[in-house]
Amino acid sequence: MSRVAAGVLIALLVVQSFSASLRKSPVFDEPAHIAAGLSYLATGVFAANAQHPPLLKELAAVSLRMAGVGWPAAGPPGAGMEWPIGNAIIAQNGPDRVLFWARLPFILLTALLGFLVYWWGRQLAGDLAALGALFLLALDPTIVAHSSLVATDVGFAAFTVLFLYALWRQLQKPGWKSVLFAGVALGLVLCTKFSAVALLPVAAILMLASGRKPADCAKEFAGMCLAAAVVIDVLYFSPAGILHYVEGTRRVNADHNADYLVFLAGELRPRFTYYFPAVWLLKEPIAALVSAAIGLFALRRLSKLARLFLIVPAAVLFAGYLFAADDFGVRYLIPIFVFAYLIGGVGLAALIGSGVRWKRGLAAVLCGWMALAAIGIYPDHLSYFNEAACVLDRPGSIGLDGGARCGTLWLDDSNVDWGQGLKQLNSWLDANGRGRTVRLAYFGTFPAAAYGIQAQVVNAAALLQPPVSGLYAVSAHLVARMPAFADRTPGASDWLRRTVPTAIVGHAYYIYEIPAY
């Protein structure tokens, strides 16, 4: 019965991911990743998008090649050309067709993640806790939002769990077959994102904490690393792959603007030390947060090694993001959320298994609240905020979509809009503004014209001037940021703060009808 329930939850996750994906346009990074992956397969040169390892881009490219979409150029792209070439590939082959095939491997990876959370969760904490963890994963809007995207975050989470499961299995059943499995899994996760190197000290800590002889741990760790190096060479199509990998680590964040100001709660700064804790508390469903908090107190029921596997990887990754990552969005935390789901599953299991009526009732409320979050925000999962986002200033804006209508008061970038809403905007314009030219303030890299949108592009600086009459569609990213810039700019207009939108499309575009004066 437990396995049937798990199958239903994994199917639910896949259905949400697939159906929502069909309604969404390319997000900011997808054109570059698609172009880079296709260039790797066609040329064997890993120059494009080298600040990320190749595995996930290769998966998208293999799927596209099977569908007949190939690399259009004679050689590898020049510096910075991944986006225009990627846009051309998507536009010329049809956005819906390209995105379907490029995103398909990522949806399957999300299904693998769900399976691993359940399968490993059973071994860590039992059937009920594993189902609870899978339930939280399957209904989390952040997971659903990013599950289909040709990006690195959910893939990194899936291969992180695969590696840690393989390491757990190795410590439970030592042997060179287990070492090889863990080494291959290590190589795979290292080739999803360069921040995966943080898993090397995590693995060392967990192996030593298992109580095995340090000499045996050292031999097995070396064996894992050797197997991982072979996997890296294979994925870089070269016996010098490990050298390409090391060079790639030096280019992490190379395309990030050092002068970029991060937005949080109405303020702009180069960096916020509390950015990721704030993002976690605002973007995760309250039911998931409460379940994880209860689970932390219930972890004492698990073995010491199980507790360490749930806490150490999450703590190390979170510390790395807190002190070293750019403040770009909740998506960076997705690999850490998986451990929170596992801990939350322990919490739900403790409530249900307590035999106390009110505790079981609390578990039912948390599960119902979690389901409501998924239903209420569909299909705009990326823009989800929990109810706390509205409690202080706009409690009346809390709705079935949680606090999503207050998201722009707190965060910008991929937390609210990453370019995914062009299809929905086009549908809205067809129904409400046919024949009109919209003034579009867009946050994305794929051209709106590819969806037939007749737009006059408005840049961010223009939004600091009083608006002229006409129809505006402004990205939620800019609705969040520009009032803060207006506060810093003498004589600037803060009309975006003062003007009530006519409509909000896909939780990503704020529509303003500015009358003639």
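Asn49 is buried, with a relative accessible area of 2%; buried means under 20% relative accessible area, exposed over 50% and partly exposed in between, for a 1.4 Å probe and protein chains only. The model is predicted, so local features need pLDDT of at least 70 and side-chain atom pairs count only at pLDDT 80 or more, whereas totals for chains, interfaces and linings use all residues. Residues are numbered from 1 along each chain as its sequence is written, and side-chain values use heavy atoms, with hydrogens and water left out.

Asn49 lies in the loop between helix H2 (30-43) and helix H3 (55-66). Helices (H or I, at least four residues) and strands (E, at least two) are DSSP runs numbered from the N terminus.

| Residue | Phi | Relative accessible area |
|---|---|---|
| Asn49 | about 50° | 2% |
| His507 | about 60° | 17% |

His507 is in the loop between strand S6 (503-505) and strand S7 (509-514), and His507 also belongs to the lining of the second largest cavity.

The whole structure contains 2 cavities of 30 Å³ or more. A cavity is a set of points, on a 1 Å grid over the protein atoms alone, where a 1.4 Å probe fits but cannot get out; lining residues have an atom within 4 Å of a point. Grid points are joined across faces, edges and corners, and a volume is the space filled by probe spheres set on the points.

The largest cavity has a volume of about 110 Å³. Among its 14 lining residues, Lys24, Val144, Ala145, Leu149 and Pro379 are the closest to the centre. Helix H1 (2-21) and helix H7 (141-147) each supply at least two lining residues, and H1 gives the largest share, 3 residues. Pro379 is in the loop between helix H17 (357-377) and helix H18 (388-391), and a cis peptide bond with omega of about 0° joins Tyr378 to Pro379.

The second largest cavity holds about 60 Å³ of space. Its lining includes Ser383, Phe385, Arg405 and Tyr510.

Glu220, in helix H11 (214-235), is buried at 8% relative accessible area. Its side chain makes a polar contact (2.5 Å) with the side chain of Arg212; a polar contact is a pair of N or O atoms within 3.5 Å, where within protein one must be able to donate a hydrogen and the other to accept it, and residues adjacent in sequence count only if both atoms are side-chain atoms.

Note on methods:
1 Å grid on protein atoms, 1.4 Å probe; cavity = no way out; pocket = protein on both sides within 12 Å on 5 of 7 lines; lining within 4 Å.
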